[in-house]
Structures are given as C-alpha cells and as structure tokens.
Amino acid sequence: MSNYAIGDIQGCFGPLTALLQQIHFDEDQDHLWLVGDLVNRGPDSLAVLRWAKNLGPALHAVLGNHDLHLLRVAAGIATPRSNDTLAEVLCATDSKGLIAWLRQLPLVQTYRQYLFVHAGLLPQWSVEEALAYAREVERALRGADYRHFLTELYGDTPNRWRDDLTGMDRLRVITNACTRLRFCTIEGEMEFKSKGGPDSPPQGYMPWYKVPQRATKNIPVVFGHWSALGLKIDENIVALDSGCCWGNQLSALRLEDGQIFQVNCPAR
C-alpha cells in the first residue's frame, strides 16, 4: 500500500488520470491525499468531483478556496466569475449530491507525521490547535445553518488570530488562514492581495512557513494554493501546487519515500 499527496487539480481531469496511471494507483490498496482546489479554472471539474466522490475511503481531501467558491455559487450566495469553469457542475443531474459531499470535507487533516492544509497555518497555532479550530469551521459548514456561514464567509478582516474572537469573525480568520494564506507577519497578521513568489513579499511580511517561531515548524506540512511558489520541498514543508491549470505540471508525492511524480498539463 502506498500513500500519495497530490497538488491542486482544479478541474484538470486529463492530467489527473495520466498521473494516476504513472503512479500505478490501485484504489483497493493505495490512498490519495488531496490538498484542496479540486475544481475550477480547468475544463473538467464535474469529472474530478464525480471521481473523488466515487473513490470512497481511498480518498482524503481538504477544502480549498475554489471549492468554497463553488459551494457559495451552488447555494445562490455568490455569482460565477468570468473565468470560472463550474457551469457543468451546477447543471449536472447529480449536482446536489456532489455539493453535499464537498461540504463534508475537512479544512485540516493529519496522517502519521504529516499535516495537510490547502494554504497555510498561522504561526502561533500548534497542530492540535489547528485541528480544533478547523473543526469549528467544519461544524458550521456541515450544519443546518450552513448558508449563513457561507453568506458571511468572505472578507479580509479580522486579519489576525485572537483567542477571544467569536462568531463569524473567528470562523473567517480560521478559514482564511487555511484556504488563502501566503504571507503574514511574525505576529501572524495576514496579507491577501499579493500572489507573487516567496521572494517578493510585501514589506513587513514573509511566507507563512518562514516565520521563525512557527509552532508547526517541526511538523511536515503539505499544502497547495501557491502556484507562484511551485513545487517546493524544504525542511518540513511540501508545496505541491505546480500550476497544472496554468499549463505547467500536476505533482504527486509518495509519502513513504518522498519520491515525486509529475505529468505535464496542457496550456489553457
């Protein structure tokens, strides 16, 4: 049995199929760990969702910002953007079941020594705290009043964590950290406008994983979201968004031995 972590698929079902063939994936024995953004930008979000849902216990995935956007659009809370590729999902006969399945995915999960999240973690959060805070969001998203959560979800404030945060302010900070974070200050103040590479941070900010006293610095964190960062394996960080939807590569990491597998993706 092997375990593979796979970067942002974003509706690129063709490259995903090629990558699964390259690693000789066996759904009866192997497990996949997806770092979020299953949908959008690529041409086949519906096929990706159907494949993921039907894979059952062999698949483990966390939610990404594009997945949350799909949930908001499906709930009638947000309108599709001009570059979205979600129409096929929304019109599908099994759309309700796929959306209900997507709502059940976690924000953060662990396997052995690894922690999986779509974007990042605030520097003051331990593994145990990150998991506990993520569960608060997951309960809101899975609850009967999930539409209220989705309605109030978007926004850049508050932009830092406080233990005394409550209500939607608290849930928004947790969600933004897990699904949107790239740069923050040493104190954990988040910045969301910059999408460049790690060597061009806004003044006073740094990549979240470079904060010197980050509480999870001794834990291997596997994440995606940051295509400008690309595939990067450094001390206790594994960045797997290698920009498939931009015509670059789709990447997988075999957790048992650290071997990387990649397939090329067609240009948009």
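At what angle do helix H2 (residues 45-55) and helix H5 (residues 95-103) pack, and how far apart are their axes? The legends below begin with this pair and refer to a predicted model.

**View 1. Packing of helix H2 on helix H5.** The angle between H2 and H5 is about 65°, and their axes lie 10 Å apart. The crossing of the two helices is left-handed. On the H2 side the contact is made by Leu46, Leu49, Arg50, Ala52 and Lys53. H5 contributes Gly97, Leu98, Trp101 and Leu102. By class, the residues of this contact comprise 6 nonpolar, 1 polar and 2 charged.

**View 2. Buried residues of helix H2 and the end of the helix.** Ser45, Leu46, Val48, Leu49, Trp51, Ala52 and Leu55 are the buried residues of H2. An α-helix has 3.6 residues a turn, so residues three or four places apart point the same way. Just after H2 comes Gly56, with a positive phi of about 70°.

**View 3. Packing of helix H3 on helix H5.** H3 and H5 pack with their axes 10 Å apart, at an angle of about 135°. This angle makes H3 oblique to H5. H3 passes H5 in a left-handed crossing. Asp67, Leu70, Leu71 and Ala74 of H3 meet Ile99, Leu102 and Arg103 of H5 in this contact. The contact residues divide into 5 nonpolar and 2 charged, with no polar ones.

**View 4. The open five-stranded sheet.** The 5 strands follow the order E4-E5-E9-E11-E10, and their pairing is mixed. Strand E4 (108-111) and strand E10 (232-234) are the edge strands, each pairing on one side only. Neighbouring strands are turned against each other by 15° on average, direction ignored.

View 5. E10 and strand E11 (residues 237-239) run antiparallel and are joined by 3 bridges. Lys232 stands opposite Ala239 in E11.

**View 6. Helix H6 on the sheet.** Helix H6 (residues 127-142) packs on the sheet and touches E4 and strand E5 (114-117). The direction of H6 makes about 135° with that of E4.

Notes
Residues numbered from 1 in each chain as written. Predicted model: local features only at pLDDT ≥ 70, side-chain atom pairs only at ≥ 80, totals over all residues. Heavy atoms only, no water. Axes fitted to C-alpha atoms, helices over the stretch in contact; angles between N-to-C directions. Helix = DSSP H or I, 4+ residues; strand = E, 2+ residues; numbered from the N terminus. Left-handed = near helix turned anticlockwise from the far one by under 90°. Contact = heavy atoms within 4.5 Å. Nonpolar A, V, L, I, M, F, W, Y, C, P; charged D, E, K, R; others polar. Pairing = 2+ DSSP bridges. Buried < 20%, exposed > 50% of the residue type's maximum accessible area, 1.4 Å probe, protein only. Parallel < 35°, antiparallel > 145°, perpendicular 65-115°, else oblique.
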